[in-house]
Amino acid sequence: MIRIEDVISKVEANRPDPDVDLIRRAYLFSALHHRGQKRASGEPYLVHPLEVAGILADMRLDEVSVSTGLLHDVVEDTLVDLETLRSYFGDEVTNLVDGLTKIAHISNLSKEKQQAENVRKMVLAMITDVRVVLIKLADRLHNMRTMQYLKPEKRQRISQETLDIYAPIAHRLGMGKMRSELEDLAFRNLYPDEYKRLAHDVDARRPELEAALHRIQETIKMRLAENDVPFVSVEGRVKRLYSLWKKLKRQKITMDRVYDLIAARVITLNGRKNCYLALSVIHDTWTPVPERFKDWIAMPRDNLYQSLHTSVIGDGGQTFEVQIRTEEMHHIAEEGVAAHWKYKERKLGVRDDDESLDELRKTVEKLLLPLVEDNKADEDSEDFIESLKLDLFPKDVYAFTPMGKVIQLPRGSTPLDFAYAIHSEVGDTCTGSKINGRIVPLRTELQNGDVVEILTTANSKPSRDWLNYVVTAKARNRIRHWIADQQRAESIDIGRKLLEKESDRFHVSAKKLINNEAEMKRIANEYGLGRPDDLLASIGYGKTLPRNVLSKFLGAEKFAELDPEKRKETRIETGMKAVKRLIGLGEDAIVVKGVDNLLTTRARCCNPLRGEDIVGYISLGKGIVVHNKRCKNVAQLMVNRDRVVDVEWAKSGQNEIQSVRILVTTEDRTGMLAGITNAIAEIKTGIRDARANVSRDGRGVIVVTVEVFDKKHLDKVLSAIQQVTGVINVERVNA
């Protein structure tokens, strides 16, 4: 366990004349208020803030950051409030703690929305002061290192959040070392069986790989010395497990076909010229692999990363990667923005005149501001998280306007993304595009160096189909907002007509109701809506029944007196139950929260299983269509959030057998199909169909249809198949 004196020693070693008294006071304050609290491991809670402070000290951050690391949980987990903290430690520390503290009074929201709101608060806070996110990353890193004491469900939730949000943020800030450890820890907790198997395979080959690395390193050192290229060191590494797993899964290959399983890194003396001299030596020593060279020095990544990457073919045909960078570039690649922290002998307090902090703030704004500038303040928190995830992916496609301006976009971007990157109005009025002088479809994927010309028409408007062709958050948000606005206007008109029609059936003046703004607002408020237009839109979407609105307007007694459907009600309920039984859902398989007797059907695109997270969508003629929350179509459904409803699996529902198709990629060997079907049979699972063939790349492809009760049952089947020798990849596929 780290001690406060160890933390102080690190700070003193890295910073001139630090304010040690501030750190000691923060430690004592934290120890006093966390007294008696325990972590899930049973150790004193104080261990956690001490470890966080130690990580921050290792990152060479200032004493304010280290002190905040000691105090970061006192407002959230003790009775201390922000004003008390301010009176002891001033505005700077308090503002940092506030940016790290989860939002109170949102316990009525779902866990997903709570997570989204808290991440939104942190992202907005870190634009003002990057130390917020650096402290949060240190906090998350220590929590990930000690996850073994938490329940499996919580481990998975926190690990998924780490992969989705925090590791990509570390990447965006250029913090390669932090990102790597977060990803590997999350991988170990999310996919423990695959982690163990891959770690075992790598460890089995490690002596061979390390021997090859040693020979490569010694050869590079000798050749650099012979050619008088000054260098600091030559390092070697085996590819990280998470990165290796992603490549194996994405490309559906075996480990022997991974070309960058091992890599050498040359650290030259400062000076870009030395990097290019080293590159020429490497290419003179081994044969370079065509199209496997990247120059991140001439054109740095947006997270400040600079390095030369090349793949070469070594002795015996072994392919490996070589990275070449200066000492300064290496420091930035490992630590990112934290490496830019410059130290001055200044006292604690206002730092408006601190040029180093201002420079750091400008750098962070450049890196992080795009994450929030295209998201409205009142935008749904889950939309914000989706946009954040999209924009956190690395940007490494560089295209040009006809005038030579460089536009930097994520991989997979299309001319539509390019158009919206230039200006929102250019995107909205886009009708076509030219790439390198040739007219191409708007869905065409951009490549490095493309010259893109956008064709526009004044009266042109976005299309819903465009959502299938864009990858940037800016383009997606703009299209979604335009579609939502259009559909809202249509739904208000439809809602008004439906309410008028229902009013006629009750012999009530529709104008008297709709034009009565006070009454409409009262009824809207009862549904949790703000304005009469919101109520009409809800009716138009089919989320609110017009007869229920009339009931609230007329009152229960008058409504019952005028209701023409009163005598039919029993027959309708009976018919609804019959329909549910007919489609095989059962009466209580899926429940729409807060609403009775609504028809629900499972979406064919994802066929959700009991136990999976689900979401409902109001569909004309089909009632509530229920999707798995991870279904590829859910993102498009979220354009119309008014038609999205909360659904859940009924607690009283009986186990139902569902057919699920599983795609298995295997080595091309005899007996694979038999091995897989035997593994399924051993766990007493029914098989409805099994087919096998060989793909063009020489891999076995087996599609097997099994009968399962729920998600846990399916996971058990997938795990059993994965254990079969020769299986490369297993995944569920939908119709």
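Q: Ile676: buried or exposed?
A: Buried. This is a predicted model, and in it Ile676 has a relative accessible area of 0%. The cut-off for buried is under 20%, so Ile676 qualifies.

Q: Which helix does Ile676 lie in?
A: Helix α27, residues 672-682.

Q: What does Ile676 touch, leaving out residues up to four places away in sequence?
A: Val664, Thr666, Ile702, Ile721, Val724 and Val727.

Q: Take Val727. How far apart are Ile676 and Val727, in sequence and in space?
A: They are 51 residues apart in sequence. C-alpha to C-alpha, the distance is 8.8 Å.

Q: Zoom out. What share of contacts in the chain join residues at least 24 apart?
A: 65%, among contacts between residues at least 6 apart in sequence.

Q: And how much of the chain counts as buried?
A: 47% of the 735 residues.

Q: Let's do a sheet. In what order do β8, β9 and β10 come?
A: β9-β8-β10. The sheet is open, and the pairing is antiparallel.

Q: Which are the edge strands?
A: β9 (438-440) and β10 (452-456). Each pairs on one side only.

Q: What's the twist?
A: It averages 35 degrees from one strand to the next.

Q: How many bridges join β8 to β10?
A: 5. Strand β8 covers residues 430-435 and runs antiparallel to β10.

Q: Switching to rings. How many aromatic pairs does the whole structure have?
A: A search finds 10. One of them is Tyr191 with Trp245: tilted, 4.7 Å centre to centre, 35 degrees between the planes.

Q: Where do Tyr191 and Trp245 sit in the chain?
A: Tyr191 is in the loop between α10 (176-190) and α11 (192-226). Trp245 is in helix α12, residues 241-251. The pair links distant parts of the chain, 54 residues apart.

Q: What about Trp286 and Phe320?
A: That pair is edge-to-face. The centres are 5.1 Å apart, with 85 degrees between the planes. Trp286 is in the loop between α13 (272-285) and β3 (287-295), and Phe320 is in strand β5, residues 319-326. They are 34 residues apart.

Q: How buried are Trp286 and Phe320?
A: Trp286 has a relative accessible area of 9%, and Phe320 has 2%. Both count as buried.

Q: Back to Tyr191 and Trp245. Which aromatic cluster holds them?
A: One formed by Phe187, Tyr191, Tyr195, Tyr242 and Trp245.

Q: Last one. What sits over the ring of Tyr527?
A: The charged end of Lys552, 5.2 Å from the ring centre.

Terms used. Residues numbered from 1 in each chain as written. Predicted model: local features only at pLDDT ≥ 70, side-chain atom pairs only at ≥ 80, totals over all residues. Heavy atoms only, no water. Helix = DSSP H or I, 4+ residues; strand = E, 2+ residues; numbered from the N terminus. Buried < 20%, exposed > 50% of the residue type's maximum accessible area, 1.4 Å probe, protein only. Contact = heavy atoms within 4.5 Å. Pairing = 2+ DSSP bridges. Axes fitted to C-alpha atoms, helices over the stretch in contact; angles between N-to-C directions. Phe/Tyr/Trp six-rings, centres within 6.5 Å; stacked < 30°, edge-to-face > 60°. Lys NZ or Arg CZ within 6 Å of the ring centre and 35° of its normal.
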